[in-house]
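This report covers the fold, the packing and the aromatic contacts of one protein model. Please keep the sequence and the structure in view while reading.

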Amino acid sequence: MPASTRKSLRVAVLADSDTRWKWGSLTANRISPTETSNTDIQDSDLRLDGYLLRGRATPTARQLEEVGVRADSLREVTAVEFLRAMERERYDVLVLALVGGAVQAVLHGLAHLWDGREERPVVVTGYVGVVYEKLADGLLLRHGADLVLANSRQDADRFRDVYEGVGADASSVTEVALPFLGGAAYRKNDPYTVVFAAQPSVPESRKDRTYLLDRLIAHARLHPDREVLLKLRSKPGEHTTHIEELPYQKLAQKTDLPANFRLVYGHMGEVLDRTDLLVTISSTAALESLHRRIPTVVLSDLGVRESLGNHHFVGSGCLASWDQLDTGHQPAPDPAWVARQGVAADGSYETAFDEARTRIAALLTGPGLPPLTPYYTPVTAPGYLPGILARHHLAPDGSPLPGAPTADKEPSPVRQIVRRAARGAYRHGVQRVAPVIRRMGEL
C-alpha cells in the first residue's frame with residue numbers, strides 16, 4: 001500500500017545517546033505530516049520504532065525514563081543490525097539522531113541497501129542543539145539525507161553556506177526549531193530558585209569544575225532565602241552524548257552543603273517550571289529557558305571561549321559572571337539575537353515545523369525518491385570515508401564487511417553480561433583511571 005494512503009505513518013528513529021534519542025523522537029513527532037497539537041507521541045497518528053545504536057553512550061533504562069518519550073518498540077542494535085532491520089521493515093520516515101560519523105556510515109549503508117529502489121523512507125537528520133564546533137566536518141558527514149534540519153534561521157544560513165561552498169547540494173537544509181521547547185511561560189516562584197544546568201564535558205578540568213561548584217555553593221550561602229539547585233545530566237557510571245570524567249556529585253561529596261542547596265535530576269522542563277534564574281556555561285537548556293522567558297545567564301567567569309561554547313551567546317545579552325549575579329544582576333536578552341536562534345519566544349513556535357512537514361508530505365506522495373548521494377564518496381574523500389565506514393563494519397561501498405554482526409535476535413544472557421562488564425570497565429576508565437593519569441602527568 002502506498003505511503004500516502006496509510007492511516008498512520010511508520011517512523012523509525014536511530015539514536016546513540018539519551019539526548020539524541022530525545023531530539024530524534026520528539027523531532028519525529030514534530031515533523032510528521034500527521035502531527036497533532038499535542039506533543040505526546042502516543043496522541044499522534046504515527047507508529048514510532050526506536051533503535052539505540054550500541055556504544056559507550058547507549059542510554060540506560062533510567063535515562064530513557066527521564067527523557068519521557070515513549071516508543072511503540074525499542075531495541076539496541078549495531079549499525080549492521082539496523083541495516084538488516086531496514087531491509088525487512090517498511091517505514092515512511094527515518095530519523096538519524098547520531099554523531100556525524102555514524103550518520104555518514106548509515107547513509108552509505110542505506111544507499112547500498114536501497115540501490116535501484118525508488119520506494120524508500122524519507123531520511124532526516126540534524127543536530128541535537130547549538131552547533132558551536134566542527135561545523136563543516138559535522139555538516140558534510142550529514143550530507144546525503146533528504147532533509148538536514150537546522151534548529152534556527154542562523155544555522156540554516158550557515159548550513160547552506162557550507163554546502164554551497166564545497167559544491168554540494170544545499171536543498172536538503174530545512175529550518176525548524178529545537179523540538180523540545182515548550183512549557184508554561186515564566187512566573188515567579190516562592191522561594192526564588194536559581195538553577196545551574198551542568199554539562200558533562202564543559203568545562204573539562206577539575207579546577208574549573210570545582211570553581212563553578214564553589215561559586216554556586218557560595219551563592220546559596222549568600223542568599224539563604226533562595227533555593228539553589230544543581231541540575232545534573234547523569235548519575236555516576238552513566239554516559240550522555242559527551243563523556244563526563246569528573247561528575248559534580250563526586251566533587252560535592254566532601255563539601256559541607258548549605259540547607260538551601262540541592263542536587264537534582266529529572267526532566268529539564270519540570271525543573272524549569274520552578275526556575276527563576278537559569279545559569280549555565282553553554283547548555284542548550286539556556287535556549288529552553290529563553291523560550292519560556294525565564295531570566296537566563298551564560299557564565300563568563302572562565303572566559304568567553306570557543307572551547308566552552310559560550311561564544312555562541314555573544315550578542316545575546318545573557319553573558320554575566322557570578323560576581324554580577326551575587327549582587328542581583330538581571331539579564332536582558334536581545335530580541336533580535338533570540339529571534340535568530342529558533343527560540344520562538346514570540347509565539348511562532350507552533351509553525352516552526354511547517355516547512356519540514358510540507359516537504360516530507362511532498363516526498364511521500366511524489367513519484368519516487370532519488371538515490372541517497374552523500375557528498376563524501378571513495379572518490380571525494382578516499383583517505384577519510386573508508387575509516388568512518390569501517391568503524392561500523394561497513395566496506396567503502398556501504399556493504400557489510402565480512403564478519404560483521406548480522407544477528408537479528410536479542411543477545412544471549414552471556415553476551416549481555418560481557419557487554420555490560422565491558423561498558424562498565426570503559427566508564428570506570430574514563431571517570432576514575434583517566435583523571436588519575438592526567439594528574440600524574442601534571443606533576
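Is Phe353 buried or exposed? Phe353 is buried, with a relative accessible area of 2%; buried means under 20% relative accessible area, exposed over 50% and partly exposed in between, using a 1.4 Å probe and protein chains only.

The model is a predicted one, in which local features need pLDDT of at least 70 and side-chain atom pairs count only at pLDDT 80 or more, while totals for chains, interfaces and linings use all residues. Residues are numbered from 1 along each chain as its sequence is written, and side-chain values use heavy atoms, with hydrogens and water left out.

**Confidence and overall make-up**

The mean pLDDT of the protein is 86, and 83% of its residues reach 70 or more; pLDDT is the predictor's confidence in each residue, from 0 to 100. Over residues 35-44 the pLDDT is below 50, and this stretch has 19 contacts in the model beyond near neighbours in sequence. The pLDDT is also below 50 over residues 425-443, a stretch with 29 contacts beyond near neighbours in sequence. A contact means heavy atoms within 4.5 Å. Where pLDDT is low, the predicted coordinates should not be read in detail.

The secondary structure comes to 15 helices and 13 strands. Helices (H or I, at least four residues) and strands (E, at least two) are DSSP runs, numbered from the N terminus. Of the 443 residues, 52% count as buried. Among contacts with a separation of 6 or more, 73% are between residues 24 or more positions apart.

**Strands and sheets**

Strand S2 (residues 46-53) has seven of its eight residues buried, so it is largely enclosed by the rest of the structure. S2 pairs in the parallel sense with strand S1 (residues 9-15) over seven bridges, and Val11 stands opposite Leu48 in S2. S2 also pairs in the parallel sense with strand S3 (residues 73-77), over five bridges, where Asp49 stands opposite Ser73 in S3. Two strands pair if DSSP finds at least two bridges between them.

Six strands form an open sheet in the order S10-S9-S8-S11-S12-S13, with parallel pairing. Strand S10 (261-264) and strand S13 (319-320) are at the edges with a single partner strand each, so one side of each is left without a neighbour in the sheet. Strand S9 (residues 227-231) is joined to S10 by four bridges, and Val228 stands opposite Phe261 in S10.

**Cores and buried elements**

A nonpolar core is a set of buried Ala, Val, Leu, Ile, Met, Phe, Trp, Tyr and Cys residues joined through side-chain atoms within 4.5 Å. The largest has 46 residues, and those with the most contacts inside it are Leu14, Tyr51 and Leu96. Apart from it lies another core, of 44 residues, including Leu178, Val298, Trp337 and Ala344.

Leaving aside neighbours within four places in sequence, the contacts of Tyr51 include Leu14, Phe82, Ala85 and Met86. Phe82, Ala85 and Met86 are among the buried residues of H3. Helix H3 (residues 79-88) has seven of its 10 residues buried, so it is largely enclosed by the rest of the structure.

Thr174 is found in strand S7 (residues 173-175) and is buried, with a relative accessible area of 0%. With neighbours within four places in sequence left aside, Thr174 is in contact with residues including Leu147, Ala150, Glu355 and Arg359.

**Aromatic contacts**

A search of the whole structure finds seven aromatic pairs. Rings of Phe, Tyr and Trp (its six-membered ring) pair if their centres lie within 6.5 Å; planes under 30 degrees apart count as stacked, over 60 as edge-to-face and the rest as tilted. Two of the pairs are tabulated here.

| Pair | Centre to centre | Angle between planes | Class |
|---|---|---|---|
| Phe196 and Tyr248 | 6.2 Å | 80° | edge-to-face |
| Tyr349 and Phe353 | 5.7 Å | 85° | edge-to-face |

The pair of Phe196 in strand S8 (residues 193-197) and Tyr248 in helix H8 (residues 248-251) links distant parts of the chain, 52 residues apart. Phe196 and Tyr248 are buried. Tyr349 is buried, with a relative accessible area of 5%. Tyr375, Tyr376 and Tyr384 form one aromatic cluster.

Charged side chains also meet rings. The charged end of Arg10 sits over the ring of Tyr91, 4.6 Å from its centre, and Lys22 lies over the face of Phe180, at 4.9 Å from the ring centre. A charge sits over a ring if NZ of Lys or CZ of Arg is within 6 Å of the ring centre and within 35 degrees of the ring normal.
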